[in-house]
Amino acid sequence: MSVDIAVIDYGMGNLRSVSKAIEHVAPAASVVATSDPAVIAAAGRVVFPGQGAAPDCMREIEARGLRQAIVDAARSKPFLGICMGMQVLFEHSEEGDTACLGILPGTVQRFPHEAMHDDQGNKLKVPHMGWNNVHQAAPHPLWVGIEEGARFYFVHSYFVQPTSPDVIAGFSHYPFPFTCAVASGNIFAVQFHPEKSQNDGLTLLGNFLTWNPGERDTACDMSGAACA
Amino acid sequence: MLAKRIIPCLDVTHGRVVKGINFVELKDAGDPVEIARRYNEAGADELTFLDITASSDDRDLILHIIEDVAAEVFIPLTVGGGVREVGDVQRLLNAGADKVSINTSAVMNPQLVKDASDRYGSQCIVVAIDSKRVGDHWEVFTHGGRKATGLDAIEWAKKMESLGAGELLLTSMDRDGTKSGFDLELTRAISDAVDIPIIASGGVGNLQHLVDGVKEGRADAVLAASIFHFGEYGVDEAKRYMKQHGIEVRL
């Protein structure tokens, strides 16, 4: 049986909830958590989750020989990065001074201690943990059916800073605006956890499963319309 | 803006949700999967399950419950109770828990907090601190509040943060089950002492107590059990009340 969706398993954290949520929105799909580059290469869609620390994530990716499989998947098929799976797509993380995959230009930085207070001077905790509003910076097929400003569940201490603002698909505030979703070709990646964000999270996962980036680009080219 | 969280807590034993007064005298409150489903629909931001099963024979029951809940409830799930080693953390995460709460074992073996957070990330390690006022300070208690440790709760909270706890679940043993409100002084002292989020617990009897926990206690999340289980208040009702009082919540 062919694999519709490969969830990349590199030993970092809880993949079960990601797989369960995908199975919930697509009961007929075959969903496999895998660390086999061949399975990833053969899958129709790839989800790249991840929790924990950037140095550990990169070490586990290299130890399992997954770097090339991830790079290839991110170039060639619908690809959804989640949390650490978003961060390591960039070039470098401040966490442990870690060189990352470099698929997208930009860096990953920690919430700076001196900035972590609200406008009344109350301390803001790190990790940024809980439900925050996600603002849609640009229309995208993965936002369909999700209200502007909908709340998603976050838990992280670092955030991405893309070199090019063109890839920013969504942002949130804590207390300053930070990028929480990026879109580039067939890649969509989010800092929050759609698999833990109740109905809106399931909607986003459902959108990913029907998203066809190639078709969308063609439609844009043909109409000559500005594509977000 | 980040919302303050409301977390219903389900104390589970022999496969049922129960609620006691000051950790004794248990009252049956229903089926955990059914209750979890109901809270999810009412807008709970997370759910916490505390396995208070005394005998190790029944330990696996909680795993099946978590598996069932995780298959249909897509919000963060925290599970605590009887976590003694890294293998226990692994088993709970595999069953579908997003965070694991460590209490007595953190006192017996603080290295467990470091080992577990190094291995699975701070985001999934919650340290539960049961505390009671003793003289002019708060002391950490273990074994469901029966055993004094001699540890100062504020110093202990800082130590747990430094070892990698991603969040602290702070329960006032003086208030738990009394319905007289959180120990706000304790909550605020700990919240001010650390940079990680604090969940206030123990003593909620009405919705104003939740507001006070956030505003006076500076808690990032509030946890309550009996006011929700026995239908006194709905989770959605609690959130609307908090919003009316100027607290950012997810509605």
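Colleague: What makes the pair Arg151(A) and Glu248(B) a salt bridge?

Modeller: Their closest N and O atoms are 2.5 Å apart. The rule asks for a side-chain nitrogen of Lys or Arg within 4 Å of a carboxyl oxygen of Asp or Glu. Arg151(A) brings the nitrogen and Glu248(B) the oxygen, so the pair counts. Bear in mind that this is a predicted model.

Colleague: How many salt bridges does the rule find across the interface of chain B and chain A?

Modeller: It finds 4 there. Over all chains, the search gives 25.

Colleague: Which salt bridge does Arg5(B) form?

Modeller: Its side chain meets that of Glu46(B), at 2.5 Å from N to O. That is within the 4 Å limit, so the pair is called a salt bridge.

Colleague: What makes this pair a link between distant parts of the chain?

Modeller: Arg5(B) and Glu46(B) are 41 residues apart. Arg5(B) sits in strand E1 (residues 5–13) of chain B. Glu46(B) is in the loop between H1 and strand E4 (47–51) of chain B.

Colleague: Back to the interface. How many residues are in contact between chain B and chain A?

Modeller: On the chain B side, 41 residues; on the chain A side, 29. They count because each has a heavy atom within 4.5 Å of the other chain. The buried area is about 2,800 Å², and carbon and sulfur atoms give 51% of it.

Colleague: Which residues of chain B lose the most area to chain A?

Modeller: Leu2(B), Phe74(B) and Gln123(B). Together they make up 28% of what the chain B side buries.

Colleague: How many residue pairs are in polar contact between chain B and chain A?

Modeller: The count is 25, with both residues at pLDDT 80 or more. Four helices of chain B each supply at least two residues of the touching side: H2 (59–70), H3 (86–95), H5 (111–120) and H7 (184–193). By class, that side holds 20 nonpolar, 7 polar and 14 charged residues.

Colleague: How do H1(B) and H2(B) pack?

Modeller: Helix H1 (residues 32–41) of chain B and H2(B) have axes 9 Å apart, at an angle of about 35°. Their crossing is right-handed.

Colleague: Which residues of H1(B) and H2(B) meet?

Modeller: H1(B) brings Pro32(B), Val33(B) and Ala36(B). H2(B) brings Ile65(B), Asp68(B) and Val69(B). Of these contact residues, 5 are nonpolar, none is polar and 1 is charged.

Colleague: Now chain A. What makes the side chains of His135(A) and Glu148(A) a polar contact?

Modeller: The value is 2.7 Å. The cut-off for a pair of N or O atoms is 3.5 Å, so the distance passes. His135(A) lies in strand E9 (residues 135–136) of chain A. Beyond its neighbours within four places in sequence, its contacts include Gly149(A), Ala169(A) and Phe171(A).

Colleague: What phi does Asp97(A) have?

Modeller: A positive one, about 45°, although Asp97(A) is not a glycine. Asp97(A) is in the loop between strand E5 (92–93) and strand E6 (98–99) of chain A.

How values were computed
Residues numbered from 1 in each chain as written. Chains lettered and ligands numbered in written order. Predicted model: local features only at pLDDT ≥ 70, side-chain atom pairs only at ≥ 80, totals over all residues. Heavy atoms only, no water. Buried area = accessible area lost by both parts, 1.4 Å probe. Polar contact = N/O pair within 3.5 Å; in protein donor to acceptor, adjacent residues only side chain to side chain. Nonpolar A, V, L, I, M, F, W, Y, C, P; charged D, E, K, R; others polar. Axes fitted to C-alpha atoms, helices over the stretch in contact; angles between N-to-C directions. Left-handed = near helix turned anticlockwise from the far one by under 90°.
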